[in-house]
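Biologist: Hi! Could you walk me through this model while I have it open?
Modeller: Happy to, here it comes.
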Amino acid sequence: MGYENAWLNYRRLQGSAESTYFSSDCTDSQGRTARTAIEELKRAAREIFGLDMQEKSGTQDAGICLKLNREAAAGEEGYHIYEKDGRVTVESAGGRGLLYGSFALIRMLQTGRKIGGADLTEVPQNPIRILNHWDNMDGSIERGYSGNSFFFQDQKVLVNDRTRAYARLAASVGINASVINNVNVKGNATKLITETYRRELQEMAEIFADYGISLYLSLNFAAPMEIGGLDSADPLDENVREWWSRQMEDVFTGIPNFGGFLVKADSEGRPGPFTYGRTHADGANMLADAAAPYNGTIIWRCFVYNCQQDWRDRKTDRARSGYDNFMPLDGQFRENVVLQIKNGPMDFQVREPVSPLLGGLKKTNQILEVQIAQEYTGQQRHVCYLIPMFKEVLGFHTYCEKEKDTVADLVIGRTYGQTRCGMAAVANTGDDENWTGHDLAAANLYGFGRLAFHTDLSSEEIAGEWIRCTFGMQPEVVEKVSRILMMSWPAYEKYTSPLGIGWMVNPGYHYGPNVDGYEYDRWGTYHRADHMGIGVDRSSGGTGYAQQYHEPNASMYEKIETCPEELLLFFHHVPYSFRLKTGKTLIQHIYDSHFEGAEDVEKMVAEWESLREFLPEKIYQRVLARFEHQKEHSKEWRDQINSYFWRKSFVEDEKHRTIY
């Protein structure tokens, strides 16, 4: 399929004084990413100013100079942009920094910032900024809402113009690594580490390298048995270890710019070390030892839990599982192992507490995993701008230390000094023309990259940048689309599952509403509503989950009186008559929030409809169609949830609205 350029869709600037800088350029670096940076500047000059940028051999006459300075304070991925005497210099200690700086310079044009007098230094705060694609080799995408894969089709690896276009988009916001295949590795995907797909992966890795992106693959822990002819995958079996050593040598020496592997093991039916009575550390360290000679990284997911839970069992708690499985292993992992930890203890719900592993682990490299594919947040049929959620997570105080105790401090490496750390996102791309299905969902892809690069940016700043880059600088568009984005996550929470309850979706495909969809299910996710109240008791008198946090968080979550209300039902079973801080009863809040959420969607639709004259008709209509669906679906959520709880509680809505 064809593709658009998303936020790299440059617009002409007529009569701009900034064009003088884009008449010529030069670089003193021969590296491939610096070469890419020059080509990107040339492209911007053509598309924004209609100029054919000339390359100069020296700095004296060039309008823009890319300067490689190995001693530059910004480091290999950071950059310093400054203008002096009519010339702009982008300086960095590495080629990636020159590329990021060039994109930042172009972004200044797109967002209306003046280049004259510029003096901007940015250093990426997260060392690893990685996208996880859940793409399958048949071309499907697990939890994909933007068409099919552009990496795979019919058991083949695709390498084409779209591969480069993807790398451009990712690099433009600072992404430096990408896992191209699903963490649930099955069938031919297991063979990605063999010669079968070597040529195509080499070609892809070369394209990625042009944009400073390291190629990663998801790995099948049972590969020694499935493709290696062994009768075991025991990580302590010498034959298995030797097999992985040979395989790692083959992959790392055969694929240029190869970063390492992402592993999902002993989770949701995937094979792992538990089969052999071994620990996650045993499994991860075996792979890490094999990858170490090539400076390879093993990213090991912490999404491990009992998915065979009896719904009658009120003590076993899926929320506890990550901490219970991995905290006893803190300090036992090799230096090139990184644990990838979901932002919450469950599964990317619209509202969860921060995982207690973040702040619990003190001797282990860790990456924060978020999901920009909107599995539980509207599946890119609803607009739901997730950057405010990620900001809340990053700003959460874990109290693991007296200072530098936020999640951001931990994943940046400020707290314990790790260098293999950062942020990962489950990607929301596909082969749809606009990349993300819903045009406004691209704000999450853009936003994740910018936030991973610079966690101090605000949600509003990121939204403003993305809007200006995508739609232009008309004040009406910037103001109203920003308002839509900032309203969207709170609105979705209101009309689906407020107060931290989550999950009220159809099993399997996770699109709601279905209040009891998981209530009597083996996956262990319950709201436990009865005629008296709703919520899960995770205090010390319940599952004990609240005690996995450091103080004072543990005590705060332990008591209904001090628990943050947005998480009240996650931590406590609460009577419908309980009064919130607003004075409303719990049941009245359920009714009101669902009506308010649906009303908020009406407001968002009206804002979008008012922008028709400012937007390309194709984009306007494409987004409007999604909004029309969201408007009707939010009412369906409202009516099903409210009717369910009216029938459970027999408590009337004080405002006497229609509840069925």
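Biologist: How many residues of strand β5 are buried?
Modeller: Five of the six residues of β5 (residues 87–92) are buried, so the strand is largely enclosed by the rest of the structure. Buried means under 20% relative accessible area, exposed means over 50%, and partly exposed is in between, with a 1.4 Å probe and protein chains only. Strands (E, at least two residues) and helices (H or I, at least four) are DSSP runs, numbered from the N terminus.
Biologist: Before we go on, what should I know about the model itself?
Modeller: It is a predicted model: local features need pLDDT of at least 70 and side-chain atom pairs count only at pLDDT 80 or more, while totals for chains, interfaces and linings use all residues. Residues are numbered from 1 along each chain as its sequence is written, and side-chain values use heavy atoms, with hydrogens and water left out.
Biologist: Thanks. Which sheet order does β5 sit in?
Modeller: The order is β2-β1-β3-β5-β4-β6, an open sheet of six strands with mixed pairing. Two strands pair if DSSP finds at least two bridges between them. The edges are β2 (54–55) and β6 (119–122), each with a single partner strand, so one side of each has no neighbour in the sheet.
Biologist: And how does β3 pair with β5, parallel or antiparallel?
Modeller: Parallel, over five bridges, with β3 covering residues 64–68. Cys 65 stands opposite Thr 89 of β5 there. By contrast, β4 (residues 79–84) runs antiparallel to β5, joined by five bridges, and Glu 83 faces Val 88 in that pairing.
Biologist: What happens at the hairpin of β4 and β5?
Modeller: Two residues lie between the strands, and Asp 85 takes a positive phi near 55°. For background, most residues other than glycine have a negative phi, and most peptide bonds are trans.
Biologist: Where are the cis peptide bonds, then?
Modeller: One joins Gly 512 and Pro 513, with omega about 0°, and Pro 513 is in the loop between α14 and β17 (533–534). Another joins Glu 551 and Pro 552, with omega about 5°; Pro 552 is in the loop between β17 and α15 (553–558).
Biologist: Switching to helices: how do α14 and α17 cross?
Modeller: Their axes come within 8 Å and cross at roughly 160°, for α14 at residues 475–495 and α17 at 586–609. The axes are lines fitted to C-alpha atoms over the stretch in contact, with angles from 0 to 180 degrees between N-to-C directions. That makes α14 roughly antiparallel to α17, a term for angles over 145 degrees.
Biologist: Which residues meet there?
Modeller: Among them are Ile 484, Met 487 and Ala 491 in α14, with Ala 598, Val 601 and Met 604 among those in α17. Contact means heavy atoms within 4.5 Å.
Biologist: Last one: is Pro 124 buried or exposed?
Modeller: Buried, at 13% relative accessibility. Pro 124 lies in the loop between β6 and β7 (128–132) and touches residues including Glu 77 and Phe 453, leaving aside those up to four places away in sequence.

Definitions and conventions. Angles under 35 degrees count as roughly parallel, over 145 as roughly antiparallel, 65 to 115 as roughly perpendicular and the rest as oblique.
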